[in-house]
Amino acid sequence: MGLKHDLYLSRRPLAGFLAIGLSWAAYFAQMPVIKANVGASDGAYGAALLIASFGAIGAMWLAPVSRRIAGGVAVSLAILVIGAGMLWAGASTTLWSLTLAMLVASMGSGVVDVLVNARVSEIEEDSNRSLMNLNHALYSFAYACGALATGALRSANVGPVPILLGLCAILLLLAWVARDMSPPAAIIEPTVKGRLPAGLVLLTGFVVLAAFLTEAATEGWSALHLERTLGGSPGEGAMGPALLGLMMGFGRLAGHGLARHVRDTYLMLAAMVISASGVALAGAASSVTVGLLGFALAGLGISVVAPLALALVGRVVPADKRLAAISRVSVIGFGAFFFGPPLMGLVSEGFGLRASFFLVAGLLAVVAFTLVPALARRVYRP
């Protein structure tokens, strides 16, 4: 089976990945104007995102229930929920309204994310093909395209509500494509049994958390940094998340090939060092061009960390513990969306947005040189 057949197999989950990528790109690429519309400070906005992140975490519990209740249209309904939340956010004039809107969008996004990733895993098992990297790379490219399109519309003085109405029209189409997904594969009794290695799960979880923290910081605050700190235009501000998504897409495609020749922990360490350097460069930038270069390096590096870490833990744990291990690693990783936004907002409030990026770069470097080697010793010990 070739690439064309792989895409055919995963076209319905792909609709979910596209919906998430386009939606959050459209939001973050115009975050400065949405934030200004509600009159929020950096700290208050960070707190609002913290509350909204509970929606994504709650969706981890809601996703199986939604699948049982809604069946083959669960992903489609969740995509529509994302659209409703995004449109509400664009029309918000108070911080509380924006917070509730982001809570709704996060819940829909979380349900879609869990269900489409589960479906891709089922397809991989049935077809004996590796599809996860492909789907996540295309998600990143969709994110980049969405951010570029939003930036172009902002440069033409189009406001948030018309932009998000256009997004909703696209989401309606994607919801139609995502309907009637095949039922989950039958559960097969595992042939290999064993205990869940808690230490391995914790180490891997914190590595994924560092990756998600970097993604959240650069996705959510790059446009504001480029526009407010570096004096960029709305179009240049939107280039931050757009370039990040584009480089993450290229990085995931490259990582898929490199993983066959380079040990995964070596690749993770190198990728995290590159990403930390990029985040620090963006924080220290004195011009929009340098800032964009920094965000490009950040996206290129961090793109492969979470997929590599999840694949590693799934490969080394006993077969009957694989789903539990990956789920727990994901839950730990999602902690970044709890403390990431308030961390960025509060540090920015007290010391400036540059300091927030320096802090993220430092945390990423610490994880790269401490936790990744510890993970390697646990997995590859003689």
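**Briefing on the predicted model**

Asn 157 has a relative accessibility of 72%, over the 50% cut-off, and therefore counts as exposed. The points below treat the chain as a whole, then its confidence, its helices and some individual residues.

**The chain as a whole**

- The chain has 382 residues, of which 53% count as buried.
- Among contacts in the chain with a separation of 6 or more, 83% are between residues 24 or more positions apart.

**Confidence**

- The chain has a mean pLDDT of 82, with 84% of its residues at 70 or more.
- Confidence is highest in helix α8 (residues 160-178), at a mean of 94, and lowest in helix α1 (residues 3-9), at 45.
- The pLDDT is below 50 over residues 1-9, a stretch that has 15 contacts in the model beyond near neighbours in sequence.
- Residues 183-193 also have a pLDDT below 50, and this stretch has twelve contacts beyond near neighbours in sequence.
- Where pLDDT is low, predicted coordinates should not be read in detail.

- Buried residues of α5 include Ala 74, Ala 78, Ile 82, Gly 85 and Ala 89.
- The axes of α5 and α8 come within 9 Å of each other and cross at roughly 180 degrees.
- Because this angle is over 145 degrees, α5 counts as roughly antiparallel to α8.
- On the α5 side, the residues making the contact include Val 75, Ile 79, Gly 83, Met 86 and Gly 90.
- On the α8 side, they include Pro 160, Leu 164, Cys 168, Leu 171 and Ala 175.

**Helices α3 and α9**

- The axes of helix α3 (residues 31-38) and helix α9 (residues 198-229) are 8 Å apart, and the two helices pack at an angle of about 85 degrees.
- Since this angle falls within 65 to 115 degrees, α3 and α9 are roughly perpendicular to each other.
- Met 31, Pro 32 and Lys 35 of α3 make this contact with Gly 220, Trp 221, Ala 223, Leu 224, Glu 227 and Arg 228 of α9.

**Individual residues**

- Asn 157 is placed in the loop between α7 (132-155) and α8.
- The phi angle of Asn 157 is near 65 degrees, a positive value in a residue other than glycine.
- Arg 252 is part of helix α10 (residues 234-258).
- With a relative accessible area of 5%, under the 20% cut-off, Arg 252 is buried.
- Leaving out residues up to four places away in sequence, Arg 252 touches His 136, Ala 137, Tyr 139, Ser 140, Glu 215, Ser 303, Val 304 and Pro 307.
- Thr 94 is located in the loop between α5 and α6 (95-127).
- The relative accessibility of Thr 94 is 41%, which lies between the cut-offs of 20% and 50%, so Thr 94 counts as partly exposed.
- The C-alpha atoms of Thr 94 and Gly 39 are 7.4 Å apart in space, while the two residues are 55 residues apart in sequence.

Definitions and conventions
Residues are numbered from 1 along each chain as its sequence is written. This is a predicted model: local features need pLDDT of at least 70, side-chain atom pairs count only at pLDDT 80 or more; totals for chains, interfaces and linings use all residues. Side-chain values use heavy atoms; hydrogens and water are left out. Buried means under 20% relative accessible area, exposed over 50%, partly exposed in between (1.4 Å probe, protein chains only). Contact means heavy atoms within 4.5 Å. pLDDT is the predictor's confidence in each residue, from 0 to 100. Helices (H or I, at least four residues) and strands (E, at least two) are DSSP runs, numbered from the N terminus. Axes are lines fitted to C-alpha atoms, for helices over the stretch in contact, and angles run from 0 to 180 degrees between N-to-C directions. Angles under 35 degrees count as roughly parallel, over 145 as roughly antiparallel, 65 to 115 as roughly perpendicular and the rest as oblique.
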